[in-house]
Protein chains: 2
Amino acid sequence: MNKGISIAGSGNVATHLAKAFFDAGVRIEQIFSRNLSHAEALAQKVGARAVDRPELISNDAGVLILALPDEAIEPFAAEVNAAGHFDGIVAHTSGTQPLSALRMFENSGVFYPLQSFSRFSNPLMKEVPFCLEAVNSETLQHLTSLASLISENVREVCSAQRAVLHLAAVFACNFSNHMYAISADLLKDAGIDGSILKPLIRETANRLTDIHPALLQTGPAVRGDGSTMGKHKQLLENYPVYREIYKMLSNSIVSAKEKTKK
Amino acid sequence: MNKGISIAGSGNVATHLAKAFFDAGVRIEQIFSRNLSHAEALAQKVGARAVDRPELISNDAGVLILALPDEAIEPFAAEVNAAGHFDGIVAHTSGTQPLSALRMFENSGVFYPLQSFSRFSNPLMKEVPFCLEAVNSETLQHLTSLASLISENVREVCSAQRAVLHLAAVFACNFSNHMYAISADLLKDAGIDGSILKPLIRETANRLTDIHPALLQTGPAVRGDGSTMGKHKQLLENYPVYREIYKMLSNSIVSAKEKTKK
């Protein structure tokens with residue numbers, strides 16, 4: 001790993017990765033974005049050169065990380081390949097795109113950080129699980145060494161498992177966040193400050209251990225408390241969508257409980 | 001507040017409250033449970049006397065806190081009242097029962113800690129929001145002083161608001177936990193260690209700030225990424241309930257986004 005890395009993308013994943021590698025002392029050669037000013041803004045922060053065309057990707061870097069939107073990965077890779085300058089490892093950071101999206105390169109891989117990066121937060125990179133996959137063991141080893149420079153949680157995950165992981169993350173995170181949003185709506189309409197729920201939300205997430213979350217389930221559905229559920233459905237009378245969600249999730253909690261008993 | 005308190009109940013709420021008051025130097029007179037050995041186990045830890053019949057509740061305490069299941073509150077209160085020994089403040093800890101459940105007492109109130117207490121965790125009591133309500137201002141003041149001994153987050157919340165708060169907590173916490181449980185099921189079936197999602201779950205909960213959670217929404221639904229949602233629905237082919245939940249919540253996320261735009 002004497003050569004540095006280049007990163008295609010200037011969004012949240014690209015930014016958090018570039019900064020983490022920079023902080024870990026990895027040389028960053030180029031930052032690519034079709035929008036040159038976006039590339040320049042990030043490149044400046046990590047001592048890299050900004051480029052705005054795929055054919056400008058040079059061979060200075062040993063690894064090119066594609067932190068691009070899903071649909072942009074394959075077309076971008078094809079353009080870099082057509083230019084013929086880069087002969088190192090090419091890896092994308094997508095949870096859903098298969099390894100084969102990069103099949104035009106001899107040494108390709110997946111470099112998927114299982115975390116939600118946003119402008120609003122700064123997750124500890126060393127705790128982020130990096131899910132790696134590669135076409136050959138040498139590439140896998142190289143990507144493993146690279147990921148280990150910034151994270152203590154690096155593992156090999158095949159494309160099929162990665163697809164399930166991404167789906168599971170939608171439930172555990174995107175849908176949880178939507179639950180927070182619904183509760184914020186209800187509180188707002190009742191004139192209650194939404195921050196009152198934060199300690200409870202944090203506790204619910206942080207108390208997860210190695211036991212199955214179904215065993216930590218609390219609330220009226222798992223208690224079979226029909227009286228409280230009836231009151232809740234009444235309170236949701238003017239929220240038809242939330243009412244249906246309430247019913248469906250309560251039923252699912254009851255089914256899950258019956259399954260656990262068996 | 002020269003007199004101590006008594007607590008009816010020996011479950012998670014009773015236990016966490018009793019310990020917090022004990023640690024704060026509040027004298028705990030009696031612990032009631034219909035199961036004497038349960039009462040004794042908790043009483044021993046907090047230097048109190050154990051009783052197993054409502055008529056044994058003495059007047060030594062100034063406040064009697066009913067940390068009982070919802071349906072047990074009114075009958076228990078009626079029995080204590082019928083015995084006629086206790087003439088202090090009586091308050092229950094329920095999120096759903098109205099203040100009027102204790103109308104037989106002159107000085108009654110609600111002492112609702114908005115937190116999920118379990119055997120598995122130990123939430124910081126000083127961060128727990130205590131939602132108080134009382135029939136008169138003197139009682140409210142007394143309960144406020146008492147709650148402030150163990151929490152820095154004490155507020156007055158009327159019965160109607162408390163009902164919405166409890167409903168919102170079901171969405172934000174019980175339903176989120178069910179989302180964690182679904183994701184754990186999916187991972188288990190794919191042979192993936194469920195703990196891999198913990199950093200992402202914690203980040204999703206801990207990054208909540210004062211802005212509306214809808215603005216922090218990520219994932220395929222809010223991006224309008226139909227291709228990924230199609231793949232996810234295929235992966236859920238053998239999980240009919242989870243598939244319906246996936247569709248309903250994705251649609252709701254899309255509607256919420258459209259509402260935010262307006």
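Predicted model: local features only at pLDDT ≥ 70, side-chain atom pairs only at ≥ 80, totals over all residues.
Residues are numbered from 1 along each chain as its sequence is written, chains are lettered from A in the order in which they are written, and side-chain values use heavy atoms, with hydrogens and water left out.

We can begin with the interface. Here, 88 residues of chain B are in contact with 88 residues of chain A (contact being heavy atoms within 4.5 Å). The two chains bury about 8,200 Å² between them, and carbon and sulfur atoms give 68% of this area (buried area being the accessible area, with a 1.4 Å probe, that two parts lose on being put together, summed over both).

Four salt bridges are found between chain B and chain A (a side-chain nitrogen of Lys or Arg within 4 Å of a carboxyl oxygen of Asp or Glu). In one salt bridge, Asp210(B) meets Lys198(A) at 3.6 Å, N to O. The elements giving two or more residues to the side of chain B that touches chain A are α5 (159–189), α6 (198–206), α8 (226–235) and α9 (240–261) of chain B (helices being DSSP runs of H or I, at least four residues, and strands runs of E, at least two, numbered from the N terminus). Of these, α5(B) provides the largest share, 26 residues.

Within chain A, Arg49(A) pairs with Glu29(A), their closest N and O atoms lying 3.0 Å apart. This pair links distant parts of the chain, with Arg49(A) in strand β3 (residues 49–51) and Glu29(A) in strand β2 (residues 28–32), 20 residues apart.

A last stop is Asn153(A), found in the loop between α4 (137–148) and β8 (154–156) of chain A. Leaving aside residues up to four places away in sequence, Asn153(A) touches Lys126(A), Glu127(A), Val128(A), Pro129(A) and Phe130(A). Asn153(A) and Ser255(A), 102 residues apart in sequence, are separated by 34 Å in space, C-alpha to C-alpha.
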